[in-house]
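Here are a few notes to read with the model open beside you. Take them one at a time, and find each part on screen as you go.

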Amino acid sequence: MKAKIGLKALLVIVPGFIATGVLSAYKFSPQKVKPVKFKQIMGADISFIPQLEAEGHKFYDKGVSKDAFTILKDHGFNYVRLRIFNNPKADSGYSAKGYCGLEDTKKMALRIKQAGIGFLLDFHYSDNWADPGKQYKPAAWKHLSNQQLHDSIRAFTRLTLLALKKQGTLPDMVQVGNEINHGILWPDGRLKNLDTLAGFLKAGINGVRAVSIKIPVMLHIACGGQNAESRYFLDNMLKRGVSFDIIGQSYYPEWHGTPDSLRDNLTDLNTRYKQDIIVVEYSQRKREVNDITFSLPGNKVKGTFIWEPFSWGETIVDKQGNTNTHIAVYDSVKRAYHIEH
């Protein structure tokens with residue numbers, strides 16, 4: 001018999017939603033949420049921006065003070081990715097101030113929509129960073145059964161998207177998990193437990209599609225230059241009936257090999273699978289990554305997202321916040337590949 005989660009239990013496993021009114025009856029705004037669609041995507045994950053701004057960081061482009069969104073748009077970017085943690089204020093969570101939690105995400109989502117660019121939401125399904133080396137359960141989910149974890153993933157995903165929909169900022173694309181090639185919600189959802197992992201991913205995808213069947217769903221793996229590992233993960237999820245729209249890849253040379261490895265992998269994935277492909281995290285080799293992505297045939301490899309370009313890796317600003325020579329790469333890519341924005 002399928003286990004059910006009552007309202008009292010739901011308040012525990014989906015923290016923070018009572019305060020925001022998400023569990024109350026919904027009467028959506030008559031405003032129509034129009035999805036943003038671009039033939040090609042040149043995006044950036046800028047989830048650190050609220051924290052940087054709170055710390056007093058300012059940014060300048062050719063000596064003119066501009067916010068991060070304006071700088072990105074002025075240089076051809078047309079999409080922003082945000083990460084969201086379940087409860088970043090938990091004892092082992094990401095931020096006592098709630099950065100990358102629901103309220104912070106809602107504020108940033110409004111800025112994205114006001115800028116008229118695309119919005120990708122990245123669910124980590126953790127109170128803190130999730131990546132190939134760590135996929136820890138949220139504290140509130142630590143002792144839940146398998147069925148309760150299914151219900152919790154679906155509920156958290158659905159309620160988050162409903163909160164965004166209520167303010168007219170529904171994402172244009174959603175990641176169900178972050179760099180999940182080693183699984184999610186360890187130890188239950190480790191890669192070796194393929195059936196359990198597939199069930200968890202289906203629960204997240206069902207949560208997205210319960211709000212809108214039009215939102216493309218991405219599975220994000222960190223295998224930019226690893227074709228065999230990419231195929232193993234994707235084949236096993238497809239074999240188990242996981243239905244998704246986009247293959248997301250991370251590419252960092254220290255872990256994922258040379259640009260040739262990235263090109264070879266994307267070329268194979270482009271012909272082998274029906275899903276679109278996005279290099280959803282990178283920092284180095286900016287021109288090479290974008291040239292590889294936008295040069296592949298068939299328009300199934302949709303684009304790229306640089307990770308935290310204002311504060312991490314090869315940034316597009318110097319320590320004083322001035323745009324540097326790296327920003328010129330994006331001007332050139334925009335012209336070469338006719339990026340819309």
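**Notes on pockets and barrel**

1. Let's start with a space: the second largest pocket holds about 440 Å³. Keep in mind as you look that this is a predicted model. Lining this pocket are 23 residues, and those nearest its centre are Asp-131, Glu-179, Tyr-252, Trp-255 and Glu-281. Strand E4 and helix H9 (253-256) are the elements that give two or more residues to this lining. Sorted by class, the lining of the second largest pocket has eight nonpolar, six polar and nine charged residues.

2. Now look at the largest pocket, with a volume of about 530 Å³. It is lined by 24 residues, and Pro-35, Lys-37, Asp-172, Lys-214 and Pro-216 are the closest to its centre. Its lining divides into 14 nonpolar residues, one polar and nine charged.

3. Next, the barrel. Eight strands close it in the order E1-E4-E5-E6-E7-E8-E9-E10, with parallel pairing. From one strand to the next, the twist averages 25 degrees.

4. Which residue of E9 stands opposite Ser-250? That is Glu-281, one of the residues nearest the centre of the second largest pocket. For the strands here, E8 (residues 246-251) pairs with E9 (residues 276-282) in the parallel sense over six bridges. Helix H10 (residues 259-272) packs on the sheet and touches E8, E9 and strand E10 (301-307). The direction of H10 makes about 175 degrees with that of E8.

Note on methods
Residues are numbered from 1 along each chain as its sequence is written. This is a predicted model: local features need pLDDT of at least 70, side-chain atom pairs count only at pLDDT 80 or more; totals for chains, interfaces and linings use all residues. Side-chain values use heavy atoms; hydrogens and water are left out. Two strands pair if DSSP finds at least two bridges between them. Helices (H or I, at least four residues) and strands (E, at least two) are DSSP runs, numbered from the N terminus. Axes are lines fitted to C-alpha atoms, for helices over the stretch in contact, and angles run from 0 to 180 degrees between N-to-C directions. Contact means heavy atoms within 4.5 Å. On a 1 Å grid over the protein atoms alone, a cavity is a set of points where a 1.4 Å probe fits but cannot get out, and a pocket is an open set with protein on both sides within 12 Å along at least five of seven lines; lining residues have an atom within 4 Å of a point. Grid points are joined across faces, edges and corners, and a volume is the space filled by probe spheres set on the points. Ala, Val, Leu, Ile, Met, Phe, Trp, Tyr, Cys and Pro count as nonpolar, Asp, Glu, Lys and Arg as charged, and the others, Gly among them, as polar.
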